[in-house]
Amino acid sequence: MSNTMRAMIYTAPGNIELLELPQPRPECDEVLIRVAYVGICGSEIEAFVSNSPRRRPPLIMGREFSGTVVAVGERVAGINVDAKVVINPLIPCGDCHLCRMGRTNVCPNRQLLSMHRPGAYAEYVSVPARAIYELPSGLDLKRAALVEPLANAVHAMRIVSNPVMHNVAIIGAGTIGLLCMQVARSMGAARILVSEPSAHRREVARKLGANQTVDSSREDLFAAGATFTYGCGFDVCIDAVGRATTRKQAVQLLAPVGTAVWIGLHERDAEINAMDVVTNEFRIQGSYAYTDADFRKAIQLLADGYIVTDGWVTEVPFTDGVEAFLELASGESGRVKVVLQFDGK
Ligand SMILES: [Zn+2]
């Protein structure tokens, strides 16, 4: 094993490069992972394009990843070299009152691999031993790169309190929207409408089981929603885009006592008709990241075959990662999800 590695580094605003770096060494409570697959994350593209203050260069991003354990720190027990694992990149403090309540996703002291410490756009990454999950049979390293985004979708659907999800609307058929749709189906959603301006993404949504898709750039979403629900409205609406307009749509499409989940993070503000919220007892639920329980559930859903990844996840060699990242950042890419593959050593 050489002592250097290739890493895709966000070096300066607007700039990302493939460079050679020293390999990290695991601290006593860490394990060293040789990365197998890493997904290019939509929030990272967004941060890169908007020069977000939350991710400051120089930084190795990449938080949706799987790999093989190649070394363990001296105080790590019960983890074997060569184990195939997926990594929960969100590291809560474990001590604060929110962590003690099980709300680790909103721990104020949380650290995120790829933001507060190096992520996995690199051949090797050292991670806390408690962040890794060994892959069950039925889940390979490639599909395991989808666990992290899927955990976000599991969380969004799990915190919906409506016991009956007859009609569900999903706004936005990007990675999170498509995963929310499949999780909703696995939880018993009877009928799902997807709103999405891209023809390709609408086609993917239909192949993955959407009962109806709406071209939100040309069609009247509310008329389509009213027809779809026989005038009743939706029990649950997921905004997987995060613009002011889509957040508002998610609320306006609801049936009385329905729940809108806002998971997309694109714009800061939203304007809604508060009178309607009060008089219809709408619920508006924010959804952020995931807990360990959501992460485990995501692993299980993938292993048990409930989540289809064919047809919308594109594999690209890591050496072409910079090009793939910049293409996604340009907004011109037709790809829904890109997963970088390492050649292994
Ligand atoms: Zn905490």
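**View 1. The second largest pocket holds about 180 Å³ of space.** This is a predicted model, in which local features need pLDDT of at least 70 and side-chain atom pairs count only at pLDDT 80 or more, while totals for chains, interfaces and linings use all residues. Residues are numbered from 1 along each chain as its sequence is written, and side-chain values use heavy atoms, with hydrogens and water left out. A pocket is an open set of points on a 1 Å grid over the protein atoms alone, where a 1.4 Å probe fits, with protein on both sides within 12 Å along at least five of seven lines. Its volume is the space filled by probe spheres set on the points, which are joined across faces, edges and corners.

**View 2. The lining of the second largest pocket includes R103, H155, R158 and Y288.** Lining residues have an atom within 4 Å of a point. Two or more of them come from each of α4 (147-158) and β15 (283-286). Helices (H or I, at least four residues) and strands (E, at least two) are DSSP runs, numbered from the N terminus. By type, the lining has three nonpolar, six polar and two charged residues. Here Ala, Val, Leu, Ile, Met, Phe, Trp, Tyr, Cys and Pro are nonpolar, Asp, Glu, Lys and Arg are charged, and the others, Gly among them, are polar. Domain 1 (4-146 + 309-341) and domain 2 (156-286) both give lining residues, so the pocket lies between them.

View 3. The domain bounds come from an automatic or database domain assignment. Taken over C-alpha atoms, the domain centres are 29 Å apart. E46, W312 and V336 supply 65% of the area that domain 1 buries against domain 2.

**View 4. E315 forms a salt bridge with K142.** Their closest N and O atoms are 2.6 Å apart. A salt bridge puts a side-chain nitrogen of Lys or Arg within 4 Å of a carboxyl oxygen of Asp or Glu. E315 is in strand β16 (residues 313-317) and K142 is in helix α3 (residues 141-144), so the pair ties together parts 173 residues apart in sequence.

**View 5. The peptide bond from P57 to P58 is cis.** Its omega is near 0 degrees. P58 sits in the loop between α1 (42-50) and β4 (64-72).

Key:
Buried area = accessible area lost by both parts, 1.4 Å probe.
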